[in-house]
Amino acid sequence: MSNSINDKLDNIIYEKVKVMPKDEQKEVLDFVEYLIQKRLKIVKDMFETTKETKKILEGYGYSEENISDLVKEIRYTND
């Protein structure tokens, strides 16, 4: 999503949470924190997988430059 859409969503969420009772605000903020941590873990795992895959491909003689060519070749193969 674009930044302007994210900003609009942030503002909408902020306005809705602002009028909630304090205990409900805490629940919402705790849930948002949970979602952020979950998203960060997914991103971290993805980077680890990418790093491991790159290491394996380099073991087969691929360099960082030609790995993207390999990906394109695999993507467009008509099997």
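## Overall fold

From the N terminus on, the elements of the protein chain run α-α-α. The chain holds three helices and zero strands. The structure is a predicted model.

## Dimensions and surface

Taken along the principal axes, the C-alpha atoms of the protein chain fill a box of roughly 60 × 25 × 25 Å. The radius of gyration of the protein chain is 21 Å, whereas a compact globule of 79 residues would have a value near 12 Å.

Of the 79 residues in the protein chain, 6% are buried. The accessible surface of the chain comes to about 7,500 Å², and carbon and sulfur atoms account for 58% of that surface.

Together with Ile-5, Leu-9 and Ile-13, Ile-12 makes a nonpolar surface patch of about 340 Å².

## Gln-25 in helix 2

Gln-25 belongs to helix 2, which spans residues 22–59. Gln-25 has a relative accessibility of 14%, so it counts as buried; the cut-off for buried is under 20%.

Which residues is Gln-25 in contact with, leaving aside its neighbours within four places in sequence? They are Val-17, Lys-18 and Met-20.

Conventions
Residues are numbered from 1 along each chain as its sequence is written. This is a predicted model: local features need pLDDT of at least 70, side-chain atom pairs count only at pLDDT 80 or more; totals for chains, interfaces and linings use all residues. Side-chain values use heavy atoms; hydrogens and water are left out. Helices (H or I, at least four residues) and strands (E, at least two) are DSSP runs, numbered from the N terminus. Buried means under 20% relative accessible area, exposed over 50%, partly exposed in between (1.4 Å probe, protein chains only). Contact means heavy atoms within 4.5 Å. Patches are made of residues with over 30% relative accessible area and no salt bridge: like charges are joined within 9 Å, nonpolar side chains (Val, Leu, Ile, Met, Phe, Trp, Tyr) within 5 Å. Accessible areas come from the Shrake-Rupley method with a 1.4 Å probe; for residues, only the protein chains shown count as cover. A salt bridge is a side-chain nitrogen of Lys or Arg within 4 Å of a carboxyl oxygen of Asp or Glu. The radius of gyration is taken over C-alpha atoms; the globule rule is 2.2 Å times the number of residues to the power 0.38.
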